[in-house]
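Before I say anything, please take a moment to look at the sequence and the structure on the screen.

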Amino acid sequence: MANIFAFAEAREGELRKIAFEAVTAARALADQSGGAVHALLVGAPGIAAKASQLAAYGADSVIVVEHAAFDKYNPEATAATAAERIRSGGYDVAIFPTSALGSDLAPRVAAKLGVGLVTDVTAIAREGDAVVVKHPMNIGKVLATVRIASTPAIVAIRANSFTPAESPKAGTVEQTQPVGDPSASRVVVTEVKLGGGAKLDLGEAPVIVAGGRGLKGPEHFTLVEDLAAAFGNAAVGATRVVTDEGWRPHSDQIGQTGRLVSPQLYVAVGISGAIQHLAGMRTSKTIVAINKDKEAPIFKVADYGIVGDLFEVVPALTSAVKEAKARG
Amino acid sequence: MKIAVCIKRVPDMDVRFKIAANGTSVDDTGLKFDINDFDAWAVEAALQIKDKDPATEVVAISLGPDTVQEVIRKALSMGADRGVQLKADAVPFDGSAIAQALATELKDGGYDLIFFGKQSPDSSNGVVGTIVAEQLGLPVVTAISKLELSGATGTAKREIEGGQEFVSFPVPAVLTVDQGLNTARYPSLKGIMAAKKKPLESKPAQLGTPAITITALELPPERAAGRIIGEGAAAVPELVRLLQTEAKVL
């Protein structure tokens, strides 16, 4: 059977969680059909050292392409390199992440190869020669089953949909050269600004504490940040009103036009639950809502709602979570 | 400058969708439609360039049945100069089939910039702008939330997980627009009147052959009805207990 290709996303020399999710998804398909998993790892010189981590999640081989101009995301050269590898490697499925990088990269590769692509995929299966995937549409209110007739089929997976599972394989490293000159790309990432060191990303955090208009002003976001810190594994999000008002950066916005998130636990603080916002978080596993208005739509989706003044409830919850964590 | 903006007519999402009798499309009976938010910001981005340089021509392009003329007229009423409808019975689900038709229309247009919204909420694939750029051999920067142009080069900001990326690119280029780039202007009454007289050309769409097809649609199960567990800080111990014992997330 044909082999499966997985693009292993790295940033600043480290693999991102979705790289392991992509390899896990590829491994599951290969285990069904008997093919091998080949992961492509692109980065600055030294990135080859990370290949063994991909082997642990099921990469039979890791194609490593190192170049100084791969120190930041290099859209054109990465796309050319990935497309050429997929073309020559005889894969029937190529898996990419639906991340900021992957959403840019996957359609470039699909266009170069002239093949079918589905993004934001939550499940993958084979049906005869075709690949069949699940793809949420209409802000998650409709779930489509989509058949990809082309070979290869390009599938960009949604974050947190394929839980990384260890499955140690050889992970034989094959060093190869970029296609074209990565230093000559027309589109160049000149600078990357990352917010504070260990800050968890909304797409990856197991817990999200999000604040809305009920916080009354940017200075009160410390309440949300303190609760997030008490959980320890939480990211901070916000509603569109909050980001439009400039209380928080646009990158924190959860909703139809912002980030779509699906954490284990979502705590909505002072959020009424406009449809725009619900669209971005309704697939969270457990939803907690704290709001003073018992008629707020957020309570219709909240597993656990507390009606009350967030300025009293949130500090109490923060202390209680700290105590619970301390007790282990 | 000459700028194209590719826009899509999409349903309002604040409804409970129904699946059509064919099982593979959404029943659009009773749905309200408007221009996709991301596309409205794309129109605004083009118009802001035109505000600075009135010699700029802005062309709004939409693919689909005659109903898409509504969103083209909206773009014209915001200030675009002329419209093009690429006529098709329906908008395909496959972004590459759409991209083929748009690329055919755009390739000899002499455009300096081609704007798209980064994605539409209905099909939710977010691939059309990028595939058009690849087919035209143009550089593309996706999901931009800030844009500066200086002569034949531009710089843009992209939101990435936990930060931002700053990107430089040469013009001509394709740009896809994210939230945060701007706030779309409302059409003025004068703009709405003027739009009625602006040219809107209709021609058949040269659609590509789809490589992906929807074989089934389903409505995901609704969340169980919400539950209010108590009022005020007094409810916190019960919440923590439930998070530990029932939800097992703490």
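This is a predicted model: local features need pLDDT of at least 70, side-chain atom pairs count only at pLDDT 80 or more; totals for chains, interfaces and linings use all residues.

Among contacts in chain B between residues at least 6 apart in sequence, what percentage join residues at least 24 apart? The figure is 70%, where two residues are in contact if their C-beta atoms, placed from the backbone, lie within 7 Å.

Residues are numbered from 1 along each chain as its sequence is written, and chains are lettered from A and ligands numbered from 1 in the order in which they are written.

Let me stay with chain B for a moment, which has six helices and 13 strands; helices (H or I, at least four residues) and strands (E, at least two) are DSSP runs, numbered from the N terminus. Its C-alpha atoms fill a box of roughly 65 × 45 × 40 Å along the principal axes. Of the 250 residues in chain B, 50% are buried, and a residue is called buried if 20 or more other C-beta atoms lie within 10 Å of its own, exposed if 12 or fewer, and partly exposed in between, with C-beta atoms placed from the backbone.

As an example, take Gln69(B), which lies in helix α2 (residues 69-78) of chain B. Why is Gln69(B) classed as partly exposed? The reason is that 18 other C-beta atoms lie within 10 Å. Not counting residues up to four places away in sequence, Gln69(B) touches Gln85(B) and Leu200(B).

Now to chain A, where seven strands form an open sheet, with parallel pairing, in the order β7-β11-β6-β1-β4-β5-β12; two strands pair if DSSP finds at least two bridges between them. At the edges stand β7 (117-121) and β12 (172-176) of chain A, each with a single partner strand, so one side of each has no neighbour in the sheet. Within the sheet, strand β6 (residues 93-98) of chain A is joined by six bridges to strand β11 (residues 153-158) of chain A, and the two run parallel; one of these bridges pairs Pro97(A) with Ile157(A). Helix α1(A) packs on the sheet, touching β1 (4-8), β4 (37-43), β6 and β11 of chain A, and its direction makes about 175° with that of β1(A), where axes are lines fitted to C-alpha atoms, for helices over the stretch in contact, and angles run from 0 to 180 degrees between N-to-C directions.

Finally, how do the chains meet? In total, 68 residues of chain B are in contact with 75 residues of chain A. On the side of chain B that touches chain A, the largest share, eight residues, comes from β9(B). Strand β13 (residues 188-194) of chain A is joined to β9(B) by six bridges, and these strands run antiparallel; in β9(B), Ser168(B) is the bridge partner of Val188(A).
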